[in-house]
Amino acid sequence: RDAVAFVEAAERLGSEMRASASWDSLTVNLEVPRSHLAAAMDLFAELALSPSFPEREVERLREERLNDLQQVMADARRRAEKAFPAVVYADGVPYARPLGGVEATVSEIDREVVAVRHAALMRPTAATLIVCGDLESVPVETMVQNAFGAWSDGDALALDTGGTPDVAASDRRVVVVDRPDAPQSEIRVGHVGTPRQTDDFHALSVMNALLGGLFNSRLNMLLREERGYTYGVSSSFDMRRAAGPFAVRCAVESDVTAPAVADIMAELGRIGQDQVSDEELDAARDYLIGVFPLRFETSAQVAGALSGLVVHGLPDDELDRYRPAVAAVEADDVRAAARAHVDAERASIVVVGDAARCEAELREAG
């Protein structure tokens with residue numbers, strides 16, 4: 001089917017289908033009323049296994065992506081997000097590039113490249129099918145066999161992953177991307193973090209919530225509430241199959257760029273040393289435990305959570321263990337996680353702003 005015929009067939013079933021690509025996986029999703037699951041499964045298999053990739057559509061999407069990459073230059077936040085990974089990862093490492101590519105890589109994409117990549121990625125031996133919903137008396141296995149039973153690896157090519165993705169840059173760097181007369185500076189501070197498979201995941205989650213994951217986190221209380229530098233500051237670990245970046249993010253007035261960076265660096269240095277108060281610990285644990293059920297309100301959310309276990313190679317009881325494990329995190333665990341995963345001495349700094357108003361002060365601050 002062409003695009004119009006396919007959409008019409010999907011809409012007649014009351015279904016929604018979409019595909020997405022992340023750092024770690026290629027995913028095709030289907031949501032459909034239970035009564036139409038069998039018919040939708042056949043359509044779902046068509047979408048996943050035999051897309052035609054019309055050349056005109058590949059060209060259109062390629063041009064849209066190239067135009068979007070050019071628009072990044074006009075958006076300080078997006079420029080910072082593009083520059084930061086290129087600073088903390090070594091040259092040539094895939095993670096040093098944005099997920100959506102750069103002009104040099106996107107411009108080379110044509111229909112043949114897309115079709116070859118699809119054939120290499122979409123293999124039954126590498127795939128997992130997750131079905132969530134009210135499945136009582138629904139012959140799921142029969143439906144799947146009818147739709148996907150003939151699928152084979154065939155002559156699928158081996159994938160070139162482009163090298164080890166978690167290789168850090170050799171040294172700490174401070175990069176200023178000049179935007180003359182910009183009233184604000186976008187700031188990113190951080191370094192290569194940790195993969196999702198880490199033994200201290202729950203302690204690390206509590207530590208990050210305490211550092212910059214909550215409104216009353218240390219970073220936000222200092223830079224927003226006490227200093228008045230920003231409307232908000234946050235920290236996060238992007239945990240992938242390999243080590244994604246750890247980053248602190250905020251936007252501040254241009255004139256306070258250097259003091260804000262200094263405060264961020266100081267907090268990164270203190271988090272593994274200072275005593276964690278009972279109030280901080282309780283707030284971080286209670287928040288993570290309290291929001292956890294919100295991840296499972298719909299069948300689609302449940303499927304998404306289970307797919308995370310597959311992608312990251314986690315045990316089947318990972319979600320069951322989450323809340324008790326978070327509740328068991330103590331102050332010493334938080335400090336240990338900070339010492340293991342947050343290092344102010346190797347944190348790089350990216351500032352997108354008016355260099356004339358901040359560069360000299362950044363140099364003076366070392």
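So, arginine 196: its charged end sits over the ring of phenylalanine 201, 3.5 Å from the ring centre. By "over" I mean NZ of Lys or CZ of Arg within 6 Å of the ring centre and within 35 degrees of the ring normal. Before I go on, this is a predicted model, where local features need pLDDT of at least 70, side-chain atom pairs count only at pLDDT 80 or more, and totals for chains, interfaces and linings use all residues. Residues are numbered from 1 along each chain as its sequence is written, and side-chain values use heavy atoms, with hydrogens and water left out.

Helix H8 gives the largest share of the lining, seven residues. The lining splits into 14 nonpolar, nine polar and three charged residues; Ala, Val, Leu, Ile, Met, Phe, Trp, Tyr, Cys and Pro count as nonpolar, Asp, Glu, Lys and Arg as charged, and the others, Gly among them, as polar.

Okay, the other arginine. Arginine 240 has its charged end over the ring of tyrosine 95, 4.5 Å from the centre. Tyr95 also belongs to an aromatic cluster with Trp23 and Tyr89.

On to ring pairs: there are seven aromatic ones in the structure. Rings of Phe, Tyr and Trp (its six-membered ring) pair if their centres lie within 6.5 Å, with planes under 30 degrees apart called stacked, over 60 edge-to-face and the rest tilted. Tryptophan 23 and tyrosine 95 make an edge-to-face pair, 4.9 Å centre to centre with 65° between the planes. Trp23 sits in the loop between S1 and S2, and Tyr95 in the loop between H4 and H5, so this pair ties together parts 72 residues apart in sequence. Helices (H or I, at least four residues) and strands (E, at least two) are DSSP runs, numbered from the N terminus.

Buried or exposed, then, for tyrosine 95? Buried, at 5% relative accessible area, while tryptophan 23 is partly exposed at 27%. The cut-offs are under 20% for buried, over 50% for exposed and partly exposed in between (1.4 Å probe, protein chains only).
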